[in-house]
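This report goes through salt bridges, a metal site and a domain contact in turn. The structure comes first, and the description follows.

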Amino acid sequence: MSSTEQLFFLLREEHLWLFCLLSAVLGAIVGSFLGVVIERLPLMINHRQGEPELSLAFPRSHCSQCQHVLYWWENVPIVSWLVLRGRCSQCQTAIPVRLLWIEVTTALLFCLMAILMPSPERLLSAWILIGFLLALSLIDWWHMLLPDALTQPLLWLGLLINACSGVIKLSDAVYGAVAGYLCLWLLYWLFRGLTGKEGLGYGDFKLLAALGAWLGWQVLPSLCLIAGLSGIVIGGWQAWRAGKQTPLPFGPYLSISGAIIFIFYNSHIYL
Ligand SMILES: [Zn+2]
C-alpha cells in the first residue's frame, strides 16, 4: 500500500470528522475559484473589441460598484462573505449571494465524495468531475452556454484518468466519447428535420461526449434517460409556472445524471 493510500485510510477510518473538514475546506477553496470561472468565462467568451481585457486572473477580485480591490482577508471562501455580511467593506454594495452558495455547495459535495469514494484515486477523480460539472451546469443554467474551454478538457481528462486507472477500459471510454457525441448530434438533426427548430446545442453533444469518456459507452442509455426525464419534468414545471415555453438548458440535467451514475458505480456502497 502506498503512503497516500495509508494516509487516506487512516484519515477515513479513524478521523472521519477531520477528513470531512479538510475535504470541505478544499471544496470551499475550489468553489471560490469556480465562482470566478462561472462569473468570468461567459464574459470572456462574449468579449468585444475595445472592452477592457478580462481573464480568470486579471483584473484581481474587486467590488463591481466602487472598484475596491479585495484584501486577502476579504477573499477567504465562505468566511469572508459571512464576516462582511454579504456587503463590500468600502461602499456596502451587496456581494451576490450566489458566490456564497457556489462555495458552500462545492464544500458539501467534496465532503460527500470523501465519505463515498473507496480510494484516493477515485476521490481525486470524483472531485475533478464534480468541479467541472458544477461549473458547466451553472454557466448553462444562467447563460445557456457550455464553453469548449470546460467540455474539452473534461473529455481529455476522462480518457486520461481511465487510461491510468483502468477502472473503465480505455476502448470503452473512447467509444463512450464518440457515441455520446453522435447520439445527441443525430437527435439534433432528427428534431430539426421534423420540427424546423433547434432542440439542443453543440455544447450538449460535447458534454455527453465528455461524460461518455468518463463513464464508458455502456451507461449512455441510462444517462440520457435520467437526463431526459428530469429535464422534461423540471422544464415542464418551469414552463407551466412561467405560463409559456422557455428555452431549456440541457447541460444541468446531463451533469446531474452523469454525477449520479459516477457515484453509483464508484462509491464503496456499490463496490
Ligand atoms: Zn464597493
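Glu13 is exposed, because its relative accessible area is 52%; buried means under 20% relative accessible area, exposed over 50%, and partly exposed in between, with a 1.4 Å probe and protein chains only. The model is predicted, so local features need pLDDT of at least 70 and side-chain atom pairs count only at pLDDT 80 or more, while totals for chains, interfaces and linings use all residues. Residues are numbered from 1 along each chain as its sequence is written, and side-chain values use heavy atoms, with hydrogens and water left out.

**Salt bridges**

The side chain of Glu13 forms a salt bridge with that of Arg12, at 3.8 Å from N to O. A salt bridge here is a side-chain nitrogen of Lys or Arg within 4 Å of a carboxyl oxygen of Asp or Glu.

| Salt bridge | N to O distance |
|---|---|
| Glu13 and Arg12 | 3.8 Å |
| Arg98 and Glu39 | 2.7 Å |
| Lys206 and Asp148 | 2.8 Å |

For Arg98 and Glu39, the 2.7 Å is the separation of the closest N and O atoms. Arg98 lies in helix H4 and Glu39 in helix H2, so this pair ties together parts that are 59 residues apart in sequence. Helices (H or I, at least four residues) and strands (E, at least two) are DSSP runs, numbered from the N terminus. Arg98 counts as partly exposed at 33% relative accessibility, and Glu39 counts as partly exposed at 27%.

The side chains of Lys206 and Asp148 also meet in a salt bridge. Lys206 is in helix H8 (residues 202–215) and Asp148 in helix H6 (residues 148–165), so the pair ties together parts that are 58 residues apart in sequence. Asp148 counts as partly exposed, at 35% relative accessibility.

**Zinc site**

Which residues supply the protein donors of the zinc ion? They are Cys63, Cys66, Cys88 and Cys91, each through SG, lying 2.3 Å from the ion. Donors are N, O and S atoms within 2.8 Å of the metal (3.2 Å for Na, K and Ca); water is not among the atoms, so sites may look incomplete. The arrangement is tetrahedral because the 4 donor atoms subtend angles of 108 to 113°; four donors count as tetrahedral if all angles lie between 85 and 135 degrees.

The donor residues are spaced C-x2-C-x21-C-x2-C in sequence. Cys66, in the loop between helix H2 (16–45) and helix H3 (79–83), and Cys88, in the loop between H3 and helix H4 (97–116), link distant parts of the chain and are 22 residues apart. Cys66 counts as partly exposed at 33% relative accessibility, whereas Cys88 counts as buried at 6%.

**Domain contact**

The chain is divided into domain 1 (1–116) and domain 2 (126–136 + 145–271), with bounds from an automatic or database domain assignment. Their centres, taken over C-alpha atoms, are separated by 25 Å. The contact (heavy atoms within 4.5 Å) takes 17 residues from domain 1 and 14 residues from domain 2.

About 1,400 Å² is buried between the two domains, and carbon and sulfur atoms give 86% of this area. Buried area is the accessible area (1.4 Å probe) that two parts lose on being put together, summed over both. In domain 1, Phe110, Met113 and Leu116 lose the most area to domain 2, together 40% of what that side buries. Between domain 1 and domain 2 the count is 0 salt bridges.

Methods
Tetrahedral: all angles 85-135°; square planar, octahedral: opposite > 155°, others 65-115°.
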